[in-house]
Amino acid sequence: MDARSPTTIHFEDLLPTMADKLGGEGLIKELCNGFQLLMDGKKGLITFDSLKKNSALLGLQEFQDEEIKSMIKEGDLDGDGALNQLEFCMLMFRLSPELTDGAGRLLEEAFPQI
């Protein structure tokens, strides 16, 4: 009998540090750059295939298909099976508890006209 426990991957949440250094506008710009790296160029969305193909960029090369599908589903607010840029940015904020607390300030800084 194999008594191995499931592998747990821990990620350091660097978004609060980025927000402190870059400010709201800079953080949003970097998140948008990240979206561009992960998206399917033809569809303009992060799809299962584009995320799987680019998973090594995020250190997720060990993730199984179901885990990648779960990541997409977590942020897919409109139910189309993919992430648009807004959904991706919102997901990144939701996955960072420290950022969630200061999200209003960061968004006001990034989009002062709102």
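Is E66 buried or exposed? E66 is exposed, with a relative accessible area of 55%; buried means under 20%, exposed over 50%, and partly exposed in between (1.4 Å probe, protein chains only). The close-up views below concern this residue and other charged side chains.

This is a predicted model, in which local features need pLDDT of at least 70, side-chain atom pairs count only at pLDDT 80 or more, and totals for chains, interfaces and linings use all residues. Residues are numbered from 1 along each chain as its sequence is written, and side-chain values use heavy atoms, with hydrogens and water left out.

View 1. A salt bridge is a side-chain nitrogen of Lys or Arg within 4 Å of a carboxyl oxygen of Asp or Glu. K69 is partly exposed, at 42%.

**View 2. D65 and K52 form a salt bridge.** The N to O distance is 2.4 Å. This pair links distant parts of the chain, 13 residues apart: D65 in helix 3 (residues 65-75) and K52 in helix 2 (residues 48-53). D65 is partly exposed at 31% relative accessibility, and K52 is partly exposed at 38%.

**View 3. E74 and R94 meet through their side chains in a salt bridge.** The distance from N to O is 3.3 Å. E74 belongs to helix 3 and R94 to helix 4 (residues 85-94), 20 residues apart. Relative accessibility is 45% for E74, which counts as partly exposed, and 40% for R94, also partly exposed.

How values were computed:
Helices (H or I, at least four residues) and strands (E, at least two) are DSSP runs, numbered from the N terminus.
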